[in-house]
Amino acid sequence: MKKVFSCFLFFMYLTTFSFSADTVNIQILGTSQLNEKFMPYNYDTGIANSKGSMVQLATLIKNLKSENKNTLLFDSGNATYSNWYELFLNDDTTPAVEYFNYTKYDAITPGNKDFDHGIEFFNKIFKPFNGEIILANLYKNDKRVYEPYKIFKKDDVKIALIGVM
């Protein structure tokens, strides 16, 4: 019982005295399943759909970032997949990657649909991406394809992102 108690006291000592008096507000924004939906419009049905689009998100993200300089922006996959994805097969990038750069995403973790045309195609279209590609559990020939994590720093606060698909 003494060992458990002394370990507990040691832990309490560390947690009690390791925090600084200053408070830093970190804002973490995340998106997922964007599916290259740029406009608030359903292209399949020809009907307006105001439930969300990249255009609307870009405005919201811009406003939120202007309120807090300590903002991190991540996407958790399947942004590039859509019904018109094949239109970009011969291009060097896609509008989704341009959107990520425009809104200044810090990192993305690809989703399963982002690899529908293979890892090489994904790498080609994401070459112009200015952020990090983080993915811990994708291997090719027993080697990780991407970095498994990234540590970001905002106002001397470190934030780790681990990418898992």
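Which side chains meet in a salt bridge at 3.9 Å, N to O? The side chains of E132 and K150 do so, and they are shown in one of the close-up views described below. The model is predicted.

**Figure 1. Overview of the protein and its secondary structure.** The protein contains 4 helices and 10 strands. Along the sequence, these elements follow the pattern α-β-β-β-α-β-α-β-α-β-β-β-β-β. Of the 165 residues in the protein, 36% are buried. The accessible surface comes to about 10900 Å², and carbon and sulfur atoms account for 57% of this surface. Among the contacts with a separation of 6 or more, 68% are between residues 24 or more positions apart.

**Figure 2. The open parallel sheet.** Four strands form an open sheet in the order β1-β4-β5-β6, with parallel pairing. The edge strands are β1 (27-31) and β6 (132-133), each of which pairs on one side only. Strand β1 and strand β4 (residues 71-75) are joined in the parallel sense over 5 bridges. Within this part of the sheet, I28 stands opposite L72 in β4. Strands of a sheet pair through backbone hydrogen bonds, in either a parallel or an antiparallel manner.

**Figure 3. The hairpin of β9 and β10.** Strand β9 (residues 149-154) and strand β10 (residues 157-162) run antiparallel and are joined by 6 bridges. The two strands form a hairpin with 2 residues between them. In the turn, D155 has a positive phi of about 50°. The bridge partner of K153 in β10 is K158. The side chain of K153 also meets that of D156 in a salt bridge, at 3.8 Å from N to O. Both K153 and D156 are exposed.

Figure 4. The largest nonpolar core has 24 residues. Those with the most contacts inside this core are Y99, F100, Y105, F126, F129 and Y146. The elements that give two or more residues to the core are α2 (54-67), α3 (95-102) and α4 (119-126). Helix α4 gives the most, with 5 residues. Apart from this core lies another, of 7 residues, among them F74, A107, I134 and F152. In soluble globular proteins, nonpolar side chains tend to be buried together.

**Figure 5. The surroundings of Y146.** Y146 is one of the residues with the most contacts inside the largest nonpolar core. When residues up to four places away in sequence are not counted, Y146 touches F115, I119, F122, N123, I133, L135 and L138.

**Figure 6. N101, a buried residue of helix α3.** N101 is found in helix α3. Is N101 buried or exposed? Its relative accessible area is 18%, and N101 is therefore buried, the limit being under 20%. Leaving aside neighbours within four places in sequence, N101 is in contact with P128, F129 and N130.

**Figure 7. A nonpolar patch on the surface.** Y149, I151, I162 and V164 form a nonpolar patch on the surface. Together, these residues have about 430 Å² of accessible area. I151 has its place in strand β9. With a relative accessibility of 47%, I151 counts as partly exposed.

**Figure 8. The salt bridge between E132 and K150.** The structure holds 5 salt bridges, one of which joins the side chains of E132 and K150 at 3.9 Å, N to O. E132 lies in strand β6 and K150 in strand β9, so the pair ties together parts that are 18 residues apart in sequence. E132 is partly exposed, with a relative accessible area of 33%. K150 also counts as partly exposed, at 28% relative accessibility. Side chains of opposite charge can pair when their charged atoms come close.

**Figure 9. The salt bridge between D116 and K113.** D116 forms a salt bridge with K113, in which the closest N and O atoms are 3.8 Å apart. D116 is partly exposed, with a relative accessible area of 39%. K113 counts as partly exposed at 31% relative accessibility.

Notes. Residues numbered from 1 in each chain as written. Predicted model: local features only at pLDDT ≥ 70, side-chain atom pairs only at ≥ 80, totals over all residues. Heavy atoms only, no water. Pairing = 2+ DSSP bridges. Core = buried A, V, L, I, M, F, W, Y, C linked by side-chain atoms within 4.5 Å. Buried < 20%, exposed > 50% of the residue type's maximum accessible area, 1.4 Å probe, protein only. Contact = heavy atoms within 4.5 Å. Patch = residues over 30% accessible without salt bridge, like charges linked within 9 Å, V, L, I, M, F, W, Y side chains within 5 Å. Areas by Shrake-Rupley, 256 points an atom, 1.4 Å probe, with all protein chains shown as cover. Salt bridge = Lys/Arg side-chain N within 4 Å of Asp/Glu carboxyl O.
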